[in-house]
Every structure is written in C-alpha cells, then in structure tokens.
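Please look through the sequence and the model shown below before reading on. The briefing after it is meant to be read side by side with the structure.

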Amino acid sequence: MSKSAGTTPSNAHVVKWVQEMAAMCRPEEIFWCDGSEAEKENLTRVAVETGDLMPLNQQALPGCYLHRSALNDVARTENLTFVCTEEKEEAGPNNNWMPPAESYDRLAKIFSGSMRGRTLYVIPFLMGPAGSPFSKVGIQITDSVYVVLNMRLMTRMGEMALDHLGGSDDFTRCLHSKADLDMERRFICHYPQDNTIWSVGSGYGGNALLAKKCLALRIASKLGQREGWLAEHMMVVGVESPDGEINYICGAFPSACGKTNLAMLVPPAGMKGWKIHTLGDDIAWLRVGADGRLWAINPEAGFFGVAPGTGSKTNPNAMAMLKKDTIFTNVALRSDGTVWWEGHDDPPPNHAQDWRGKPWDPNSRNTAAHANSRFTVSLKQCPTYSSEWEKPQGVPISAILFGGRRQKLVPLVFQSFSWQHGTFLGATLASETTAAATGDVGVVRRDPMAMLPFCGYNMGDYWAHWLSMAKRATNPPKVFRVNWFQRSDQGKFLWPGFGENLRVLHWVIERSKGAGQAQETPIGYVPKVASLRGEGVKISQADLDQLVAVDRNGWKQNLKSQSEYFDKFGDHLPAGIKEEHKALADRLKA
C-alpha cells in the first residue's frame, strides 16, 4: 500500500476516488497538495533534483525555471485526443471518438502500474472565483511535479478548492500519468457523462494540465450545454476610455493569432487616456445575468503563453511579467543562465543551448526555441491585471470578437447583423494553422469559434446552443469578425496591429452602443475609413481602403467551402445557420 503525505481531505468522495486510482497506478507515495508557499518551495526543490526544472539566473530572473520536454511531446496531440460518449453522433465529426467502455479498458491497461517508484500528487483546484456559483472544482492526479507546479500557477489550487467543494461529489475527476511518454501509448480521453478526464503518455501542458483545455473547454462546453451557459476559447479584456467608462470584450482566436497580445494591449501614443484591464487571455465562461446581458468569468489563474514572437514590440506587458516566478518550457538557454526565443527583445545569442539542450548559434539550421515553446506565469503579475477577475458575478460583455489569421478575403473588422448572424460568423471562422498543434503550418482550416479542437460534443449541437442563447439573453453582446493579418500582394502587412488594434476596439465599442460610422455590405457592417484614422497611425489611404474592402467574388467562392463543411454535420446543422448561409448567398448576388 502506498504511504501518504500531506493532509488527507475530509471529503469521502475524493478520498475514495483517489484510492481507486492509486490501486490501479500503484505509486510509491500519495502526496496531497495544499497550495501553500512551503509546499511550492519543497516541490520546486524536488523538481530541480529530478531534472524536471533547471534553475535560471536567480539574480536576473528570480523564481524562474526552465523545463525541457521529451522531443516527441511538444504540442497538443489532437489526433490522440478523444471524446468518449455512448453514441458517436454525440461527439460529432469535430471529435475523435471512442466508446467509454473500450476507452476505459484500453487506458486502464496503460495506467496499470504506471506510477511504480513515483509519487502520485493529488491536486484540488478551483476554476473560477471563490464563492462564485459559476465556479467548478476539479481534482487532478498526476505523477509529474512539473504539472503540479504549473497547475499552481494556472488554477486556484489547494484548500480553497476543497472548501468550495465541501462534502459534494460534484467535481471533475482528472487522472494523468506520463507513463513512458510513448506516442503509441498516448491518449487524452474525455468522458462528459462521467465528468472525467484520463490523460496518459504526455507531459506537455495542453495534454497534461487537465484544468486547461480538457476541463475548461471540452468538459465545460458540455456542462454549459446542459446548464445553459457557454464555455469559450476567449480572452476577456476591459477597455477604459479617457472619461473613465470601461467596456468589457471577449475575443476568440486560434492559438498564436494575437489573443494574448490583444488581452494585454498597450494603447498607442495617439490614444492618450485610454487604458486596458486584463482579466484573461484564453478562456471565458459566459452566463446570462438578471439584466439580460452575458457576464463572463475567466476560470483560470495564469497564462500558458506562446514564447516565440513575444517581445516588447508585440507585447511589452508580457515581457514585464516574465521577469520573475515564471516556468519556461522549451525555450533556449543562454550561457548567463537567462532565456531567449525567436522574437525576443535581445539579438540572437552567439552561444546558447537550444530547446533540446544542444549547442546553438545564429548559424544553426534549427530554431533556438521550439515554435510552440511556452511560459507559465500568474495572472496577477500582468501589469494590466484587473481585480475584476476576482468578482464572483464576473463582468458584463459588450462585444464578442471572432478573429483568425487570413492574408486575404476577410476585412480588418466587420459587425454582424444580429446574434444569429454573429453565430454564423463564428461558425464559419477559418484561420491559417500555427505551431500550437501538431501538423502542417500555414494551411487554412475551419476553426469555428476557435473551438474546433476544444468543443466537447457535436459542433452542430454547439451552434444550436449558441443560437438558443438569444432566447435567454435579451441584451446580448454585438458580434464582430476581425483580422489583423491582411497582406499586400508584396507580402507586407496592411495594418500595423499591436497597440493600434485599440482603434478597432474603439469602433467596436461605439458600434456596441449603437453609434460609430459604418457601411452595410453583404457580409456585415464595415467601418467607414475615417473611423479608423487618428493621430499617429501610419497607414496609407490605399491600404485603409483595402483593409475594409469586400471581395464579392472571393466571398462567393467561399460559400462553396462553407457548404461542404456544414454538410459534415448533417441533421445536427441548425436551421439558423442554414438561413444565414442562404441569406449571405442572396446578398452577394444582389
């Protein structure tokens, strides 16, 4: 029998489940995490001794550490991620599917004895503010001290979660083991009917931090459908005008499409008096308030951000918050014990170790940092952190953005005609792929609501759930599409982006109040060029005209690929989506 360390909780349901999982995994020790500072220091020491973490230069980067993952374990493995429901149709064509009984049996064989000689850590965690009726409790079992230390940054971990749970058995059961890190024995399986997640064979954050995409999106999206709310792959940001009014915006973007940069935006010099308040960069849970508006919380407590491309030009607030108490994963290590990645403020180092630990210099053929290298850091270290993140009721949302990376076709910004049309804009979102998931980079793929890898049930039913929110929300947010990534024929970005994106947010807020200059087009309302101009923005009239132009022929061709995509969902495709598709075709013909 495994010996136990830490304080065993009084919740009998938790204890029973942990004992059952330990009997299968057979660890040497069970360690109950409490989330204390003393525990953090102890586990950090363990992580260094076992090689899971390397201390960085503690004078330059106090409290910062580097982790190197296995070479075959550097991104989410979507092809090995499953939704396990009794009927395949429930999971939908957007998910890989396995029957629950087959899946449990298959994974149990891999979990059996997987923790021999290891410590089984029990992590109680809370998703959402303490005392909020929106919040959910999870209990994660893991054999990775790296996962424990990351979960400490990414969630409200420890006693707070157990206090919220009380004696209830209403918690998500999250079982994780690195096992032998064999790709042939790697599975990330979700059981919506059991509120359970089993992940084995990976130590990468997106596969192993089960609070993140697994619970907060795949499981929570199904909970939201049952309970009447939305779990979304969205940032939450407050935009304060010079007169002190704050409007809150949610935005859904596929990974590495500027979502974190937008959540921490620094206003440009030409927009004095404007301020940004960051509540989250990745996940939002939205519920209808008594006032008929949608209210959002960020269930997470930290950032698990992509390092390459992050610098003072793209995201100065991120660079400021990474100077202490950060876990870096798969970035380069300089000879002075500091870190570097492509897009860092500093020039490439003459000598460094790359993300695999091999010698690197500027003439090396490989990148110094992995394209999907990461940083994990507390939300409270962000210079634009908003204490509204702690509010149990969340914040009221004025606008929802859907954005992707498109070189052509999609204008800089346009507004939907209605909530139903806005749902259609989300359902037809497409973006050029990035390195956040395994597979080819730069391919345009459909990513509805930026949720394609994360929706825990049939996406046709998910769109129907979105459409049904209009019956509950009498004053829903206005919905917009944005695209910062249009390029000229010569390959130059047309829009300066970064801080200048605040000009687009200003127009979005004006439109959400029923003001702002706009022109009606077949695809939606686009801004009049004058409303995007302003002091200090360097952009030609021709580029501005191109940014808001609507290519009718291009959109007509796009209709066909939309139809082909929608056909995959058969009878699950809602009537409202069909109506909007036909209405777009009619407007383009007119």
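This is a predicted model: local features need pLDDT of at least 70, side-chain atom pairs count only at pLDDT 80 or more; totals for chains, interfaces and linings use all residues.

Residues are numbered from 1 along each chain as its sequence is written, and side-chain values use heavy atoms, with hydrogens and water left out. Helices (H or I, at least four residues) and strands (E, at least two) are DSSP runs, numbered from the N terminus.

**Strands and their pairing**

- Strands of a sheet pair through backbone hydrogen bonds, in either a parallel or an antiparallel way; here, two strands are said to pair if DSSP finds at least two bridges between them.
- Strand S25 (residues 374-378) is largely enclosed by the rest of the structure, because 5 of its 5 residues are buried, where buried means under 20% relative accessible area, exposed means over 50%, and partly exposed lies in between (1.4 Å probe, protein chains only).
- Arg374, Thr376 and Ser378 point one way from S25, whereas Phe375 and Val377 point the other way, and all are buried.
- Strand S19 (residues 302-306) pairs with S25 in the antiparallel sense over 5 bridges, and Gly305 has Phe375 of S25 as its bridge partner.
- Strand S20 (residues 327-329) also pairs with S25 in the antiparallel sense, over 3 bridges, and the bridge partner of Thr329 in S25 is Arg374.
- Elsewhere, 4 strands form an open sheet with antiparallel pairing, in the order S22-S21-S23-S24; its edge strands, each of which pairs on one side only, are strand S22 (339-340) and strand S24 (359-360).
- Within this sheet, strand S23 (residues 352-353) runs antiparallel to S24 and is joined to it by 2 bridges, with Pro359 in S24 as the bridge partner of Gln353.

**Aromatic rings**

- A pair of aromatic rings is described by the distance of the centres and the angle of the planes; rings of Phe, Tyr and Trp (its six-membered ring) pair if their centres lie within 6.5 Å, and planes under 30 degrees apart count as stacked, over 60 as edge-to-face and the rest as tilted.
- By this rule, the count comes to 23 aromatic pairs, and one of these is the edge-to-face pair of Phe414 and Trp555, at 6.2 Å centre to centre with 85° between the planes.
- That pair links distant parts of the chain, 141 residues apart, since Phe414 lies in strand S27 (residues 413-415) and Trp555 in helix H15 (residues 552-567); both Phe414 and Trp555 are buried.
- Phe480 and Trp507 form another edge-to-face pair, with 5.9 Å centre to centre and 75° between the planes.
- Phe480 lies in strand S30 (residues 478-482) and Trp507 in helix H13 (residues 501-512), so this pair ties together parts that are 27 residues apart in sequence.
- Phe480 counts as buried because its relative accessibility is 0%, and Trp507 is buried with a relative accessible area of 3%.
- Phe424, Trp463, Tyr565, Phe566 and Phe569 are linked by ring pairs into a cluster.

**Charges over rings**

- A charge sits over a ring if NZ of Lys or CZ of Arg is within 6 Å of the ring centre and within 35 degrees of the ring normal.
- Arg173 lies over the face of Phe171, at 3.9 Å from the ring centre, and the charged end of Lys222 sits over the ring of Tyr457, 4.9 Å from its centre.

**Cavities and a pocket**

- On a 1 Å grid over the protein atoms alone, a cavity is a set of points where a 1.4 Å probe fits but cannot get out, and a pocket is an open set with protein on both sides within 12 Å along at least five of seven lines; lining residues have an atom within 4 Å of a point.- Grid points are joined across faces, edges and corners, and a volume is the space filled by probe spheres set on the points.
- The structure holds 3 cavities of 30 Å³ or more, and the largest cavity has a volume of about 50 Å³.
- Residues lining the largest cavity include Trp555, His421, Phe424 and Arg587, and helix H11 (419-427) gives the most to this lining, with 3 residues.
- The second largest pocket has a volume of about 630 Å³, and of the 25 residues that line it, the closest to its centre are Glu37, Lys40, Arg152, Leu153 and Ser378.
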